[in-house]
Amino acid sequence: MGNPRFHRLLSRLLSDYGMVLVLVLLGACFSYVTWDEQHPTGIEAAEQLTDRITGEFPPGAAVLVVAREHREDADFADSLQQRLTGAGLKVLGTVKGQPPDARDHLEALSRSGVGLDAIACTDVTGRWAVFDRLGDKFPGLAGARILTPPSYRWPNFLKRDNLLNVANQIAVIAILAVGMTMVIITAGIDLSVGSLIAFSAVVCTWLIREAASAEAAGPLDMVLCGLGAILLCGLLGAFSGVMVTWFAIPPFIATLGMMLVASGLAYILAEGQSVYQVPDSFVWLGRGADFLRIPNAVVLMLALYLSAHLLMTRTALGRYIYAVGGNREAARLSGVPVTAVLVFVYTLCAALAGLGGVVMASQLKSGSPTYGLMYELYTIAAVVVGGASLAGGEGRIFGTLIGAFIIAVIQNGMNLTGVESYTQKVVLGAVILGAVMLDIAKKRGWGRLQRARQV
Amino acid sequence: MSGIQRFLSMRPRRWTVAALAALVLLWGCGADQGGKSPGDGTPSRGTIGLSVMTLTNPFFKVIADTLTDEARKYGYEVVVTSGEFDVARQRNQVKDFIVRKVSAIVLCPTDSKAIGTAIQEANQAGIPVFTADLACLAPGAKVVSHIATDNYAGGKEAGKAMIEALGEAGGKIVVLHYEQAESCLLRVKGFNEIIDQYNRERQAGNIDIVAVLPGGGAKDGGYKAAEDAIQAHPDLVGIFAINDPSALGARAALEKAGKADQVRIIGFDGQPEGKQAIKDGLIYADPVQFPDRIGRRTMQTIARHFEGEEVPAEILIPTALYRKADAEKDPTLQ
């Protein structure tokens, strides 16, 4: 046994992306725990329910279709009605609404004295209490049976909607984490990103309200307002960068100051209220899903990761960033423009925080100075879980993406399984500690490998 | 240097990875066993997703607990989450509810405007949304029913309590406000109306509201505001604080200034700490809210909705005035 190339690959994978394994294991665990009964929806559900009804009732039987009013259910109801009529059954009516609508329909049917054999429901409407003890409430309908589409079993966690949900929920933090990874690779830290989210969200919505025409603003106006917010955040970031380089203030302190300044500015500008006078189309960035039904925020996030990865691995600037973090003095002596690199990194980090703020404002269709509470810490956690070292010089952009996803999967998985929020914090904290332990263990293993090589 | 050797040398690392991953999984799964795992026990009618503003305030905890108990009677299970003042987090919780295909969603919004998009998404998924205690003010978001304390009538009760506390003499009073909250605007509106009406009916012994100060709805805010109020008006005789924490903060400031006997305080809420303060004579009286009734009524409204009945768009739960005599009979206090 033992193809050396395979083992080398495995060893590289584990040491570089051991966190991928953790992510996969977490996914497997939550898939197992959320293994649950699933119900087909829409046209597929209509197809299966038709088979069931035609199998149990002869042609001519009277059926009432009950669904809710949203699109998926409307598709179900229309398709079912067509199919049942096609199979020779009598569809007495189709309810598309809430329980009170169903009740009205049932009352009318009961009074009219037409017999009813079956009520065709979705799994949700089938559980409405209005159908309990049907014979007592509607004497005319005593014999009617409730039929729902057959169910199958599949993990809630692995549903397409949920996986997109996970990606969408982490998009803002993941976007922030791109810039934070670079800052941390230079052995710095940026505590201001959470406040910058709030600042950017407020600036963007405030500009739309004051400078553009509030609810009547056009797409170009909104793009300009968003860019304005990102630019302002970039300026604040450049200011932090100057503090860190020219005035040699430790990054922790410089960005701590900026965190307070940005938060205060957001409160001043918004006067402590949320700014919500924005057009409906403002939610496009945060809630739209134009490309392959993948949310726009997720597409944006992936594009950013790809560009950042190329920047860090394929360009001189990327190598400078690693060099500054690895050994600042050595980097300076070998001709790396250390000051410019650092100012660039802080500016980029802040601008990305600004972008995150615009995305969040779009998701929530308003800007409020309370946004982004504790986000700097979640962002740093994502970067650290992703394998970057706070000592600088090490870290991978895609590692950070994995780190962000680990945090998102844990939060989503716990929400799906109904773990209460206090326990969630404990688990999240334990995972961050575990990730750093793993990182250290990884490095020790490395040392052993190198010793073995020297023998 | 063979591959096998390399494999052996990396083994400890793999074990570390596996052990840590197992630890993480045990944590996750262990925590799940403690909570409500889906699919066990009696066949359920469905799940109700609840997201409150914060679970650190006993008020919301009581709403969550009574709603859960009441839901069990109707055959529903409740998933309790909390936004902890972060509206983005609350929105994610709503999105998770939608993926879980819950039967209904109950919210105590952390932000009455920004929560609108989340409610719209639930509307699009066909899931009925109810709000408890705090309303959603975003246009275009459809809420089946809003169940809350009748804050306006409660404010009127507070006004009556103030008149009763000051007696014939009247005098200068201040209001410790929290203008960001809709509920507090209603409380102060009701309070002002009763005081105005009282003043119109008499010549002497009027009650003058000399200032409305921001108390932040918290102890520290109430403390600072009350300190400033005593400086500006040394002859102050009354304070109406829109909740218990700011009332207790004001009380602390009065004690420090040695004016605790001169100034009567009316609070609002009737949280355990506030009730104890009424019993100890620190606060004169509170219009008390009934979070348990809000929780129970919310669940009953959901059940009625699923029965197919039309439910009112707003259901108000009245407050009751709670004085020292009530506190002395209250078995929940020592």
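Strand 3 (residues 104-107) and strand 4 (residues 129-132) of chain B pair in the parallel sense over three bridges, where helices (H or I, at least four residues) and strands (E, at least two) are DSSP runs numbered from the N terminus, and two strands pair if DSSP finds at least two bridges between them. Within this pairing, B:Ile105 of chain B has B:Val129 in strand 4 as its bridge partner. The model is a predicted one, in which local features need pLDDT of at least 70 and side-chain atom pairs count only at pLDDT 80 or more, while totals for chains, interfaces and linings use all residues. Residues are numbered from 1 along each chain as its sequence is written, chains are lettered from A and ligands numbered from 1 in the order in which they are written, and side-chain values use heavy atoms, with hydrogens and water left out.

Both strands belong to an open sheet of six strands in chain B, which has the order 2-1-3-4-5-11 and parallel pairing. Strand 2 (76-82) and strand 11 (314-317) of chain B stand at the edges with a single partner strand each, so that one side of each is left without a neighbour in the sheet. Neighbouring strands of this sheet are turned against each other by 20 degrees on average, direction ignored; axes here are lines fitted to C-alpha atoms, for helices over the stretch in contact, and angles run from 0 to 180 degrees between N-to-C directions. Helix 11 (residues 291-306) of chain B packs on the sheet and touches strand 1 (46-52), strand 2, strand 3, strand 4, strand 5 (145-149) and strand 11 of chain B, its direction making about 160 degrees with that of strand 5, where contact means heavy atoms within 4.5 Å. In the loop between strand 2 and helix 4 (87-99) of chain B lies B:Phe85, which has a positive phi of about 70 degrees although it is not a glycine. With a relative accessible area of 45%, B:Phe85 is partly exposed, on a scale where buried means under 20% relative accessible area, exposed over 50% and partly exposed in between (1.4 Å probe, protein chains only).

A further open sheet in chain B has four strands in the order 7-6-8-9, with parallel pairing. Its edge strands are strand 7 and strand 9 (264-266) of chain B, each of which pairs on one side only, and neighbouring strands are turned by 20 degrees against each other on average, direction ignored. Strand 6 (residues 171-177) of chain B has five of its seven residues buried, so it is largely enclosed by the rest of the structure. Seven bridges join strand 6 to strand 7 (residues 207-214) of chain B, and these two strands run parallel; in strand 7, the bridge partner of B:His177 is B:Pro214. Over the whole of chain B, which has twelve helices and twelve strands, buried residues make up 57% of the 334 residues.

In chain A, helix 6 (residues 160-185) and helix 14 (residues 338-364) pack at an angle of about 170 degrees, with their axes 7 Å apart. That angle makes helix 6 of chain A roughly antiparallel to helix 14 of chain A, since angles under 35 degrees count as roughly parallel, over 145 as roughly antiparallel, 65 to 115 as roughly perpendicular and the rest as oblique. Among the residues that make the contact are A:Val172 and A:Ile175 of helix 6 and A:Leu348 and A:Leu352 of helix 14 of chain A. The contact residues divide into 16 nonpolar, four polar and no charged, where Ala, Val, Leu, Ile, Met, Phe, Trp, Tyr, Cys and Pro count as nonpolar, Asp, Glu, Lys and Arg as charged, and the others, Gly among them, as polar.

Helix 15 (residues 375-385) of chain A has nine of its eleven residues buried, so it is largely enclosed by the rest of the structure; the buried residues include A:Tyr375, A:Glu376 and A:Thr379. This helix is followed by A:Gly387, whose phi is positive, near 105 degrees. A:Arg133, in the loop between strand 4 (118-121) and helix 5 (134-137) of chain A, likewise has a positive phi, of about 40 degrees, although it is not a glycine, and with a relative accessible area of 53% A:Arg133 is exposed.
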